[in-house]
Amino acid sequence: MVMLNKPARIFGALGFAAAIALAGCGQKDDAPTTKGGPVSLRRLTEPEYRQIIADVFGTTIKVPGRFQPDTRDNGLIAVGTSRESVAGTGFEEYDLTARGIAAQVVDEAHRDTLIPCKPAKATERDDACATQFVTRTGRLLFRRPLTKDELANIVNDAGDSTAKLGNFYSGIESSIVGMLDSSQFLFRQEASIPDADNAGQRKLDPYSKASRLSFFLWDTTPDLDLLDAADKGELDSDAGVAKQVDRMVKSPRLASGVRAFFTDMLGFDGFAALQKDPQIYPKYGSAVAVDAQEQTLRTLADVLVTQNGDYRDIFTTRRTYLTRLLGSVYAVPVKVSTGWEAHDYPEGDPRAGILTEVSFVSLHSHPGRSSPTIRGKALREIFLCQKVPDPPGNVNFALVQDTKNPAFHTARARLGAHINQPTCAGCHKIMDPVGLAMENFDSAGGFRSTENDSPIETAGEIDGTKFSDVNGFKKAIHDHPAVPTCLVNRIYSFGTGRPATKDEAEWLNYQVKQFAASGYKVPELMRRIAGSKAFYRVSTPGTEANNAKLSMAGTGSQKETAK
Amino acid sequence: MIRLHSVTRPLALAGGLALMTAAGHASAETRGYVVSWFGVSTYYGGESDCPDGLNPMSTEFYKRELLRLGYPEAEAVKLLKDFPGNPGQPDGEYIKIMGTRGDKKTNVYAHPESSYDPGLHEVHGKFAYGFNLDGKADSPISFTDPDTGEKGIKNQYYRTLGCIRSFRAPPPAHPTLAQAQWDVLRDEMPAWLIQIDGITDPKNSDNVTVTITKATDHASRDATGAIRADMSFVSDPDPRTHSVLHGKIKDGVLTTEPADIRIIADPFLIPEFHWTKAQLKLKMGDDGSLKGILGGYHDWYALYWSYAESGWVEEHSASVDMPALYYSLKRNADAYPDATGQNTAISTAYEVEAVPAFVLHTDDMNDKKVSDAGKAAQPQQRVEANMGGWLRKLGW
C-alpha cells in the first residue's frame, strides 16, 4: 500500500519540502517485491580508481599509468567488471601505480597533511602512529573498517619495512602500496546478511550497501558520513538509507554519478581506439575527441541535473556547451578563449540534441566515412536496448565502402543497393533508416547537406513513426516508448553490476511507470532505485537458476562488425 | 548574445546552419578569416629567372671570404670542415671570423657598409607577382604578372631575393626560408585576421571594406598541421593593429585601393610590417578560403634587418650573404627617395592565404555565457578536491 503520510511523519522535523523529497525513498509503496540477484564482485574501473585516489588523498596526488582495460557486458562496463579478474600484467600496472601514489602521499609536500601523526623517531618504527594512519586510510580504501588481523598485518609490515629501510615514511609508503594492491581495494566485494524483516531472504550488509550507494550516485568510494552511517547500523533501516540517499541526491556530486553512468552507457571507452583519416577530416583529433565527450556529458548534466529536466529532452535540447575547438567543428563562434561556453542553437537547427553531437556520430562511424548502419545499430542498442544481430560472415561490403562509386553518390543509394542481398535486408531495415536520418553529419561530426554533390535525404521511419528530417527523427526518438524503459533497465544494471533478472521485470516496469509519472526526471529515478529494497536485495543460494537475464538488456558484449 | 554584425563567418552553410552565419544581413554580409599562410612572393620560372646563376651557398661564400681575409686555403677548408660544431671541434672561431669580416673587424651584420659589396645575383626574368605600384606600365624595372599578363608589376624585393636558393621553390612548394619562418611564426605570434564587410554578392560586390587585424589569440593547427578553419578569434582592440582598406569584388576576386597596411608581427621575422600604397588581390575560393597577394612599398632597411638581426644563423642556414643582400636592397629600392636621392622603400609582394574564421570584437565579450552547469559537472571540481581529500576531513 502507498502510505505517503508515513514518511511525512517520520521526517516531519525536516520540513515539508524535505519530506516530499524523501517520499520516494524507503518506498513503503506498492512496488512489486523482488527476490534480488547475486552479490557482485566488481573490479574498480580506471575512472573509479582515479576518483577514489582524488577523494581520499586529494587531487594533488597524481595517478600515473594506465590500467588493464575494462570489458563491456550487456551494454555496460559496470556489468563487465563483475566478470573481471586481474591478469599478471594487469597487476604489474596496478602495483606500479600504487607505488607512484604511495611515494607522493609520504613525500615532504604531503606527509604532514595526510599522515595524522609524527613518529617519535623518523628512522624507527612507530606502530602507534602507523596504526592511526592505516586505520583511517584503510577504512576509506577498503570501504569498511579493517579487521583486527588486517590492521595488525599491515602495521607490522610497515614496521618491518621501516626497520629495513631506516625510514618511518618508507614503512608507511609500503603500507599504502599494500592496501592499494589488495583485492579488498581493487574489487568491490559485496557481502550479504539475512534480512531480519523478511524471513528467508537476504540483503547486502551495511558496508556493501554504502558502496553500492556511493558508486551509483557519486561514482566514488563511500565518504565519511556514509561509512559512519554504516558503522552505526543506520543503513539497516529504510529511514537510514533514505536519509543518506537524500543527502547524496541533493549533493552537486550527483552530477558525477550521472556523468559516470552515461559515460558507460554511451560507450565512451570506445574513443580510446577511435581514429579518423586526417586528410578527410582535418578538424578531428584527440583533443576534439576529449572535448566531444565532455560536451555531451555537460549537455546531459545540464538537462538532467541542473535543469532537472525530462530525460527524453536530451535528444532535442538546443542548449549545449562548446570550446573553441568544438566551435570550429560545428562552425559556431565561441567567445571564451579557453574553457567552456553555453550555446543555444536556434529553433530548428539540425544540431540540437546529443545524437548529432560529435561524440555520437564520430564514435559510430568509420575512419573515413559515416555509417548509417553502425549509427542505427548503436542507437537501437544504446537507447532502445534492442539487440541487433551481427552480420553474417560472408557479406560483401564492397559496394557500401565505395564512396566514390559514380552510380551511388550517397550512403542511402549505396545501402539501397546493398540490402538487395536477401541475407542483409532484414537487419538493415532495422538499422539503416535510423542511421540515414543522421547522414547530414559526417564521420567527424561536421555538417553537410550533400554527398558527392548529391543532396542528402534524411526522411525515414522508425518503428512505425515517420519523420521528414533529422529533427523529426529526434522527436520520434524522444517519444519512443522504449527510450525510458531502456534507461530504467540500464541504470538499474549500472547500480547493481548485473543484468536485471526475470524476477525483477515487474519491479522494473513499475519503476518505468514511476519514471514517467515523475516527468522522466533522472535524479528522481536514481533516488527511487537507491532508496528501494530491491536495490539491496540478494537472492538466496540456490535460487540463481531462476535469475536468468532479461533478454532485452543485452547489447555491448558483441563485437561491432556492422557496416 | 553575440551581435551578428560583428561576428563574421565566411562560409554560408546549407540548411539550418545558415542560421548561425551573419544571415541577418540580407543586403551585406560580413566574412572573417584567419591568415593560414604568409610569405614573400617569389615567382618560380626556372633557370630563366636568374641568367647570372643562383647565388652561392653559405659554405661557398664563406670560403671566398676566408680566402679574401688571407686565410690559407688549407686553413679555410679546415675551418669549413669543422663547422658547424662537429663533435670536439670548436666553431666559435669560425662564427666570429664571419661575423666580423667588415673593415677593422667590424660586425658586418650591424654595419654592412663596413664590407665591400660581394654582389648578389638578381632576377632578370620577365614575370613576377605584385602590383603596378607606381602606375607605370613600361618602366625598366617592371615585371609582368604571369597569371593575368598585367604589365608594370613592381616587385624589386623579389628581384633582390629571387636567385637565393632558400627563396626558390617550384609551386606548390613554398620556399624553404619562408616556410620555416611561417611555421615558427604561426605558433609563436597571435593570429592575423581579415574581415570583409559589405559583401552583397561573394562574386561581385562594388564596395567592400577590408580590415586586417591581429587577434588576441594564437591560431591552432588541425590534424594535418594546417591552420584550423572555423575557429573563433577576438580582434585586438588596439587601433594600431587595424588596417582598413576599401575595395571591390569582381568575378570572385577581391582587390583594394592603395592604402597603408600595418601588421604587428614578431621579432623572429620583423616586429612590424608597414607597407605604403599597399593593395590586396585575393581570390575568394568556393571553399571559403582566400588566396592571393599583398603588395606595397616597404622600408628596405627594415627588411634587411629582419634577416641580419639573427646574424650568422640566418646567413649560414639560409645562405643569405648579408652584405650582398644589403647592397642589393639598397640598389633596387625604388620609392620614397631621401634628401640624398637614395630610395628608402622597395616594392614588395607577399603571398597571403586565409581560411574561414569567426572574428569577434571586444564588445561582443560582455555577455559571456560560461556554463554553470558545466562547472557543477566537472569531475575535478570537488568540494574536497584540495590537497588532503577525505583524509583531511578526519581532522587531524
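A residue is called buried if 20 or more other C-beta atoms lie within 10 Å of its own, exposed if 12 or fewer do, and partly exposed in between, with the C-beta atoms placed from the backbone. A:Cys385 is buried, because 24 other C-beta atoms lie within 10 Å. This is a predicted model, in which local features need pLDDT of at least 70 and side-chain atom pairs count only at pLDDT 80 or more, while totals for chains, interfaces and linings use all residues. Residues are numbered from 1 along each chain as its sequence is written, and chains are lettered from A and ligands numbered from 1 in the order in which they are written.

Chain A comes next. Helices (H or I, at least four residues) and strands (E, at least two) are DSSP runs, numbered from the N terminus. Chain A has 25 helices and eleven strands. Of its 563 residues, 54% count as buried. Two residues are in contact if their C-beta atoms, placed from the backbone, lie within 7 Å. Among the contacts in chain A with a separation of 6 or more, 70% are between residues 24 or more positions apart.

A:Cys385 sits in the loop between helix 18 (372–383) and helix 19 (398–401) of chain A. Its phi is near 55 degrees, a positive value in a residue other than glycine. Most residues other than glycine have a negative phi, and most peptide bonds are trans.

A:Ile77 belongs to helix 4 (residues 77–80) of chain A. A:Ile77 counts as buried because it has 25 C-beta neighbours inside 10 Å. Leaving out residues up to four places away in sequence, A:Ile77 touches A:Thr45, A:Asp70, A:Arg72, A:Asp264 and A:Asp269. A:Val63 is 14 residues from A:Ile77 in sequence, and their C-alpha atoms are 21 Å apart in space.

Chain A also holds a sheet. Two strands pair if DSSP finds at least two bridges between them. Three strands of chain A form an open sheet in the order 3-4-11, with antiparallel pairing. Strand 3 (192–194) and strand 11 (537–538) are the edge strands, each pairing on one side only. Strand 4 (residues 202–204) pairs with strand 11 of chain A in the antiparallel sense over two bridges. The bridge partner of A:Lys203 in strand 11 is A:Arg537.

Now turn to chain B. In helix 1 (residues 58–68) of chain B, the residues B:Ser58, B:Phe61, B:Tyr62 and B:Leu66 are buried. Seen down the axis of helix 1 of chain B, these buried residues fall within an arc of 145 degrees, so they line one face of the helix; the arc is that of the directions from the helix axis to the C-beta atoms. Just after this helix, B:Gly70 takes a positive phi of about 100 degrees.

Two loops of chain B also have backbone angles to look at. B:Lys104 is in the loop between helix 3 (92–99) and strand 2 (143–144) of chain B. B:Lys104 has a phi near 55 degrees, which is positive in a residue other than glycine. B:Lys104 is exposed, because 6 other C-beta atoms lie within 10 Å. B:Pro172 is in the loop between helix 4 (156–161) and helix 5 (176–188) of chain B. The peptide bond from B:Pro171 to B:Pro172 is cis, and its omega is near 10 degrees.

B:Leu254 and B:Thr256 form its covered face, and B:Val253 and B:Thr255 its uncovered one. Strand 7 (residues 243–250) of chain B runs antiparallel to strand 8 and is joined to it by four bridges. These two strands form a hairpin with two residues between them, and B:Asp251 in the turn has a positive phi of about 50 degrees. B:Val253 in strand 8 is the bridge partner of B:Lys250.

Strand 8 of chain B is also joined by three bridges to strand 10 (residues 270–284) of chain B, again in the antiparallel sense. Here B:Val253 stands opposite B:Lys283 in strand 10. B:Lys283 is partly exposed, because 16 other C-beta atoms lie within 10 Å. Not counting residues up to four places away in sequence, B:Lys283 touches B:Gly252, B:Val253, B:Lys291 and B:Gly292. B:Ala223 is 60 residues from B:Lys283 along the chain, and their C-alpha atoms are separated by 25 Å.
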